[in-house]
Amino acid sequence: MYEKTFPNKRFRLTLEFLQKHVSTSETIFDFGVPNPFSKIMEENGYTVKNTKGEDLDNDHTALQTEDYTVFTAFEIFEHLLNPYTILQNVKCDKLLISIPLRLWFSPAYRSKTDMWDRHYHEFEDWQLDWLLEKTGWKITDRLQFTHPVKKLGLRPLLRYFTPRYYIVVAEKIK
């Protein structure tokens, strides 16, 4: 997945945001299979559980059976057809979600070789905010940041100024 480029800035800012809002004494259920960032969380003292590769649009069993105090979904909601039901089935009171933001100057991402590596949703920040609100969550902090690339051209130039990622922490409304 990161053979050619490693998202150092995104991982650094995501870890800083996580450390600001989540104690290492809390247990994290990281939605998606083990990945480079779940390893980084573990290396920084977090207890992390992941899903096993099941179809997360159809199988919400892990959300109900795992024991966790924080739900995380880093760069996964854009791949889901129905993140609404996922959010309704989260059983803890705190979550952190990050998404790539829709870029007006780029088409939706779609791998031609890997059917799991496609973006069904190209979110704008207000869409994720609304999704969380509709499923009973209140955002307590948020951050947007850019993702410059070392290439020449108009789109790479725009990436220096246009926020590419959006991360939020939210609490369940009781």
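## Contacts and packing

Outside the four places on either side of it in sequence, T69 is in contact with E26, T27, C92, D93 and K94. The model is a predicted one. T69 sits in the loop that runs between helix 3 (61-65) and strand 3. Its relative accessibility is 39%, so T69 counts as partly exposed. One of its contacts, K94, is 25 residues from T69 in sequence, with 7.0 Å between the two C-alpha atoms.

F31 belongs to the loop between strand 1 and helix 2. With a relative accessible area of 3%, F31 is buried; the cut-off for buried is under 20%. Apart from neighbours within four places in sequence, F31 is in contact with T51, L56, L63, F71, T72, A73, I76, F77, L80 and I86. F31 and G53, 22 residues apart in sequence, are 9.8 Å apart in space from C-alpha to C-alpha.

E42 is a residue of helix 2. E42 is partly exposed, at a relative accessible area of 43%.

| Pair | Separation in sequence | C-alpha to C-alpha distance |
|---|---|---|
| T69 and K94 | 25 residues | 7.0 Å |
| F31 and G53 | 22 residues | 9.8 Å |

E75 lies in the loop between strand 3 and helix 4 (83-89). At 16% relative accessibility, E75 counts as buried. The phi of E75 is near 60°, a positive value in a residue that is not glycine. Most residues other than glycine have a negative phi.

## Helix 1 and its surroundings

Helix 1 (residues 8-21) packs with helix 2 (residues 36-43) at an angle of about 45°, and their axes are 11 Å apart. Helix 1 is therefore oblique to helix 2. The crossing of the two helices is right-handed. On the helix 1 side the contact is made by F11, T14, L15 and L18, and on the helix 2 side by P36, F37, I40 and M41. By type, the residues of this contact divide into 7 nonpolar, 1 polar and no charged.

The buried residues of helix 1 are R10, F11, L13, T14, L15, F17 and L18. They pack against helix 2 and against strand 1 (27-30), strand 3 (70-74), strand 4 (94-100), strand 5 (137-145) and strand 6 (165-172).

## The chain overall

The chain has 6 helices and 6 strands. Along the sequence they follow the pattern α-β-α-β-α-β-α-β-α-β-α-β. Of the 174 residues in the chain, 46% are buried. Among contacts between residues at least 6 apart in sequence, 63% join residues at least 24 apart.

Key:
Residues numbered from 1 in each chain as written. Predicted model: local features only at pLDDT ≥ 70, side-chain atom pairs only at ≥ 80, totals over all residues. Heavy atoms only, no water. Axes fitted to C-alpha atoms, helices over the stretch in contact; angles between N-to-C directions. Helix = DSSP H or I, 4+ residues; strand = E, 2+ residues; numbered from the N terminus. Parallel < 35°, antiparallel > 145°, perpendicular 65-115°, else oblique. Left-handed = near helix turned anticlockwise from the far one by under 90°. Contact = heavy atoms within 4.5 Å. Nonpolar A, V, L, I, M, F, W, Y, C, P; charged D, E, K, R; others polar. Buried < 20%, exposed > 50% of the residue type's maximum accessible area, 1.4 Å probe, protein only.
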